[in-house]
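Welcome to this short tour. Open your viewer, get ready to select residues by number, and follow along one stop at a time.

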Amino acid sequence: MGFVNILKKSINMYKSNLLVSIIFGVLYLLILIFVGGIAYGGSNYILKASNDDPLLMIIGSFLLLFFISSIESLSYVSILEYFYKKVIGNIQKSKNAFKIWFVYISVINILVGLLMIFIDIISINELLFGPVVIILLAILIFVILAYTYSLYASVLGKTDKLSINFGKSLKILAYSAIWMILSFIALFAVLFIIVSIIVILSLGESVLIAVALLLILSSIYITIIPIQHLIIANTILEEDKG
């Protein structure tokens, strides 16, 4: 089954389970905001509480990373399982799903954290830290390309372990990316029309900002995100049939 057929199937599933899809989109947004708030507040607290002590900063950062990864893993596995069971039905989550997500998210968070650190200090010595940034970025891309399939397949009960699968992971990422690109093109087309109307009617800058933000948030998390995850699920299920 190609992308077009999977997209049609996912959109039909979304329309047939509109309320559940909207709930999933809202929960997804709330988790993102919650985790982001913990990360920001926790980082600031560690910086103040450590009093520039490197050891305390490392320990604090490790504990914060563990806490954030645990929350993300438990939250995403739970809402994805709920969403897939309601919309797709007949799935049995792997008993190792939480472990798979925890390991994956922890590695991603560590790599992203290290990247931010080295990008911030690259101006000190570009020759020394430049290659480190490239290596970290390469590892990050490798992890995403290798393990994305295991991540979602574990929730769908298609795998019990975190294993390398470039082919299936690449297909999932490609289909997901195509959908996101098409969605954002449509979104910005609608935004352009709304902005044009507001400018013509001279409704004011505050109205423009409010409408734009409302449209972006509601479109992404109530429509785009649920369908994206249905595309991922349907891609995995069709791949495993073959």
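Start by selecting K93: with a relative accessibility of 29%, K93 counts as partly exposed, because that label covers values between buried (under 20% relative accessible area) and exposed (over 50%), with a 1.4 Å probe and protein chains only. Before you go on, note that residues are numbered from 1 along each chain as its sequence is written. This is a predicted model, in which local features need pLDDT of at least 70 and side-chain atom pairs count only at pLDDT 80 or more, while totals for chains, interfaces and linings use all residues; side-chain values use heavy atoms, leaving out hydrogens and water.

**Stop 1: a network of charges**

Side chains of opposite charge can pair when their charged atoms come close. A salt bridge here is a side-chain nitrogen of Lys or Arg within 4 Å of a carboxyl oxygen of Asp or Glu.

Helices are DSSP runs (H or I, at least four residues), numbered from the N terminus.

Being 4 residues apart in helix α3, K85 and E81 are separated by about one helical turn. E81 counts as buried at 17% relative accessibility, whereas K85 is partly exposed at 40%. Together, E81, K85 and K93 are linked in a network of salt bridges.

**Stop 2**

How many salt bridges does a search of the whole structure find? It finds 3. For another one, select E238 and K9, whose side chains meet at 3.5 Å, N to O. E238 lies in helix α7 and K9 in helix α1 (residues 3-16), so the pair ties together parts that are 229 residues apart in sequence. E238 is buried, with a relative accessible area of 17%, and K9 is partly exposed at 29%.

**Stop 3: aromatic rings**

Rings of Phe, Tyr and Trp (its six-membered ring) pair if their centres lie within 6.5 Å; planes under 30 degrees apart count as stacked, over 60 as edge-to-face and the rest as tilted. The structure holds 10 aromatic pairs. Select F24 and F83: their ring centres are 4.2 Å apart and their planes are at 10 degrees, so the pair is stacked. F24 lies in helix α2 and F83 in helix α3, so the pair ties together parts 59 residues apart in sequence.

Next, select W101 and Y152, an edge-to-face pair at 5.5 Å centre to centre, with 75 degrees between the planes. W101 lies in helix α4 and Y152 in helix α5, so they tie together parts 51 residues apart in sequence. W101 is buried at 4% relative accessible area, and Y152 is buried at 12%. To see the cluster linked by ring pairs, select F24, Y28, Y76, F83, Y84, W101 and Y152.

**Stop 4: an exposed ring**

Select F62 in helix α3. Is F62 buried or exposed? At 56% relative accessibility, F62 counts as exposed.

How values were computed. Helix = DSSP H or I, 4+ residues; strand = E, 2+ residues; numbered from the N terminus.
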